[in-house]
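Let's take a walk through this structure together. Have the sequence and the 3D view at hand, and we'll go from the place where the chains meet down to single residues.

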There are 2 protein chains.
Amino acid sequence: MSFYTQILITLFIIFASEAKFLPKKCNSCKALLGDDLIKEIASYENVKNEIFKYVLEGDFKSKTYDELEKFVDKFGARPSGSQVLEDSIDYMIQLTREEEINDIVTEELEVPHWIRGTEKITMLEPRVKEIDLLGLGRSVTTPPEGITAEVVVVKNFEELSELSNKDVDGKIVLYDPIFTSYGETVVYRTQGAARAAEKGAVASLVRSIAPFSINSPHTGSQTYNENFEKIPAAAISLEDADLLRRIYNRGEKIVLNMTMSSTYESKTSRNTIIDLKGRDNPEKLVIVSGHIDSWDVGQGAMDDGGGLFVSWAAPVIMKRLNLRPKRTVRSIFWTAEELGLIGAYAYEEKHRNESHNINFIMESDEGTFTPLGLIVAGTQKARCIIAEILKLFKSINASTLVESDSPGSDISVIIRNGIPGASLHNANERYFWFHHTEGDTMNVESPEELDLCTAFWTAVTYIIADISVDIPR
Amino acid sequence: MSFYTQILITLFIIFASEAKFLPKKCNSCKALLGDDLIKEIASYENVKNEIFKYVLEGDFKSKTYDELEKFVDKFGARPSGSQVLEDSIDYMIQLTREEEINDIVTEELEVPHWIRGTEKITMLEPRVKEIDLLGLGRSVTTPPEGITAEVVVVKNFEELSELSNKDVDGKIVLYDPIFTSYGETVVYRTQGAARAAEKGAVASLVRSIAPFSINSPHTGSQTYNENFEKIPAAAISLEDADLLRRIYNRGEKIVLNMTMSSTYESKTSRNTIIDLKGRDNPEKLVIVSGHIDSWDVGQGAMDDGGGLFVSWAAPVIMKRLNLRPKRTVRSIFWTAEELGLIGAYAYEEKHRNESHNINFIMESDEGTFTPLGLIVAGTQKARCIIAEILKLFKSINASTLVESDSPGSDISVIIRNGIPGASLHNANERYFWFHHTEGDTMNVESPEELDLCTAFWTAVTYIIADISVDIPR
């Protein structure tokens, strides 16, 4: 597929999903909130302006980008279970202490430590060609000499299920789903190997889950089905997947040799919890968060360095400006998100008894490009309050409320218990160009966009943590 | 630099260069051409329509893309001196014979055969990180254990010249020029190693010559200075160059281990010359061309598969439509363009005595995206004739004449002798995203855009080959 076609499809998806998620008209919001609350929210204009001035023109200008840059350049990739991840956690704690914020705890948990070794695919028939790949998280290894097998190409699970076990047995299955949305397409990465193994395949490949590529493979997590053999699983580029599809469609036999090695063990890591205690209701929490671990490829600048640093900045800026909201602002740096929200699950379990104290939970893990608003889960009244708060951000066009029952990644583990929350809605049309690739670097980030995200994120958090009413459930 | 900044810079360059190259007002064209010639050119509307109908709606619809796809999928990369390049030349000859065009000759010449082996850069200080690279054409090897040395980063040759030899001696020089235009920036790839060696450097790296990247290194040719040591030369991605620049600017010491192996020998290859003999003046030539060799990375679909196939298509379509122009239409598939226009130099030398017979020479080697017009070298009257012909292509917005004294790559070798010629002007804003990378694949190409290019290229060629007047010198 040409990249123009790819772009058209992407634009279609963006507009289609925007349309789908456009916030329902909130005619009843005025009645639900009442004039007093509407007035109260409007009265935060001044504090919002103070935060914006400090971040966009004052001492914090470019600070989020500069700190992210130093952090990313120092540590690079921070895979789950690695020492560099633990070092980066220590660094963030130290950076926070330097801001005279000392309510910091870490909570230990067991995390997977999957380390990629040699990875190589050579097409042997119909001609010799090296095929770039990235093994998927937790993939098993091949024998040292690799697996040499014929390829069967399927568009989707339906096509796979229409094949007989004999058609698939002993073969390498390549899924080549055309990217529509991440949510829709990612199943071929997460479940591809399990479903192929059920049919007797010896390995599983997936067209990278992305709308655009410069021959870039995208890694990511996947899950085996314990009832079937665990087979090696990897992603290849859009270009190579399309090439194999074309050769396959011509009826030519494709034979690959595929070699993958890796190690897999358990390690200890930590969630990091930073509190700026509330002045009236310190037990009540407004949480902002991002994950500190990253994939082992790229530098984790976008996924989720940006989210980590805007969530770090929120309590720091409040502290610096002496803005102490009624409720506690808690900043959480999740660990081991990439291997399956491991940190978030551990936090949810550990803090389940106090979950009534979570007033609102926020996460930024889909880019920190120009902020557009929030993607919000909660009752109609909760959304009305957030929508009213978002009106304060019209001047930067960040007033959009997108409704979703499951915003974010880590926080979805908390939100599914009925706790209201939101993820950052931002101009992330190109997020999946870089996601889980070597291209996730500082070059994706912009100081101006990060400043806007930081100002927006901090002001929203402050207002929610300070208003007279709790966010209802 | 964020990719938004990169895009802004790119857009600026595109618009700036468009402005710079906008054709001079051709007030005197009418007088120079005379009413009769203007009428004659306008009378080609019908034949242009016939060609367009055949390519955009008729039997040739999608043919250029389909043939390019089969070719690229069958052969992949076709590096200078390789057997696969020779096989691909034989294939093109056979494909042409199947169209009952038999005036085909090949002309042998010696070409460089530089084959990349192991390539690896590991940053050792200030932290361990693998750095993707692509060795540059003709680069010498390192010792097997590699070169381990400190890095000095310079923006341009001026910065290098300001350093003392002691500052550079024994070090690896990294050039990190920000991409402005290819012509301006590529000198750091072509001359970087030679200039660094002059200062005593042990290796030379260059920030890939590109405006955008997903951690994509871009290879290309380079030339040593025979008076100084030949040192290993490679390109790294924009992302890694920026990372090294930032670390360097912080005053931290950067140490790299760089290992490169390759082989380099001479081989025989062939230019391919296909003639559709003219009915009145067969000795007079209107040449269309593209190069058949490619870099060893990617699939050479864009550089220059597209140009090769639109130039193949021009005589084929004329033959199929029984359109026999007055002059001979010659299609040339240049060999060994990538290592320094080797095929073009050989052709120019061999055919210098008959160069008076070249009426006009054309080349497509900068993408076959949506056609916009031609980039033309020649006298004012020559440009007036071409501008008048281009008016026939207003309906597809391909009427722009861009003036340049040196259009194209291979044909520049001929044009500098005062022979008029043109290269395809097309919507190639993203050309350098993919150029000389693993991303140069069929995914960059589009059937619709290729059809437009083929129709435009064939019609322009036919008209120039058939009009009553020669293109003046």
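## Where the chains meet

Let's begin at the interface, where 43 residues of chain B are in contact with 43 residues of chain A. Keep in mind as you look around that this is a predicted model. The size of an interface is often given as the accessible area lost when the parts come together. Here chain B and chain A bury about 3400 Å² between them, and 51% of that area sits on carbon and sulfur atoms.

What about the charged and polar links across the interface? Between chain B and chain A there are eight salt bridges, and 16 residue pairs are in polar contact, with both residues at pLDDT 80 or more. On chain B, the helices α1 (3–21), α4 (63–75), α11 (238–249) and α16 (431–434) each supply at least two residues of the side that touches chain A. The largest share of that side of chain B comes from α4(B), with six residues. Sort the residues on the side of chain B that touches chain A by kind, and you get 16 nonpolar, twelve polar and 15 charged.

For one of the salt bridges, find A:Glu69 and B:Arg250: their side chains meet with N and O 3.2 Å apart.

Is B:Glu67 buried or exposed? With a relative accessible area of 5%, B:Glu67 is buried, because the cut-off for that is under 20%. Leaving out residues up to four places away in sequence, B:Glu67 touches B:Tyr91, B:Leu95, B:Phe309 and B:Trp312.

## Chain A as a whole

Now step back and take in chain A. Its secondary structure comes to 17 helices and 14 strands. Along the principal axes, the C-alpha atoms of chain A fill a box of roughly 70 × 45 × 40 Å. How does the radius of gyration of chain A sit with that of a compact globule? A compact globule of 473 residues would have a radius of gyration near 23 Å, and chain A has 23 Å, so the two agree.

Of the 473 residues in chain A, 63% are buried.

You'll find A:Leu32 in helix α2 (residues 29–42) of chain A. Apart from its neighbours within four places in sequence, A:Leu32 is in contact with A:Gln380, A:Lys381 and A:Cys384. In sequence, A:Leu32 and A:Cys384 are 352 residues apart, yet in space their C-alpha atoms are 7.7 Å apart. A:Leu32 is partly exposed, with a relative accessible area of 34%.

## Salt bridges within the chains

Over all chains, the structure holds 55 salt bridges, so let's visit a few that stay inside one chain.

Start with A:Arg279 and A:Asp466, whose side chains meet in a salt bridge at 3.1 Å, N to O. Which parts of the chain does this pair link? A:Arg279 is in the loop between β8 (255–276) and β9 (281–291) of chain A, while A:Asp466 is in helix α17 (residues 447–466) of chain A, so distant parts, 187 residues apart, are linked. A:Arg279 counts as partly exposed at 44% relative accessibility, whereas A:Asp466 is buried at 6%.

Next comes the pair of A:Lys230 and A:Glu226, with a salt bridge of 3.8 Å, N to O. Here A:Lys230 is partly exposed at 39% relative accessibility, and A:Glu226 is exposed, with a relative accessible area of 64%.

Finally, hop over to chain B, where B:Lys120 forms a salt bridge with B:Glu130 and the closest N and O atoms are 3.0 Å apart. B:Lys120 lies in strand β1 (residues 104–125) of chain B and B:Glu130 in strand β2 (residues 129–131) of chain B, so this pair ties together parts that are ten residues apart in sequence. B:Lys120 counts as partly exposed, at 42% relative accessibility, and B:Glu130 is partly exposed too, with a relative accessible area of 40%.

Technical notes
Residues are numbered from 1 along each chain as its sequence is written. Chains are lettered from A and ligands numbered from 1 in the order in which they are written. Side-chain values use heavy atoms; hydrogens and water are left out. Contact means heavy atoms within 4.5 Å. Buried area is the accessible area (1.4 Å probe) that two parts lose on being put together, summed over both. A salt bridge is a side-chain nitrogen of Lys or Arg within 4 Å of a carboxyl oxygen of Asp or Glu. A polar contact is a pair of N or O atoms within 3.5 Å; within protein, one must be able to donate a hydrogen and the other to accept it, and residues adjacent in sequence count only if both atoms are side-chain atoms. Helices (H or I, at least four residues) and strands (E, at least two) are DSSP runs, numbered from the N terminus. Ala, Val, Leu, Ile, Met, Phe, Trp, Tyr, Cys and Pro count as nonpolar, Asp, Glu, Lys and Arg as charged, and the others, Gly among them, as polar. The radius of gyration is taken over C-alpha atoms; the globule rule is 2.2 Å times the number of residues to the power 0.38. Buried means under 20% relative accessible area, exposed over 50%, partly exposed in between (1.4 Å probe, protein chains only).
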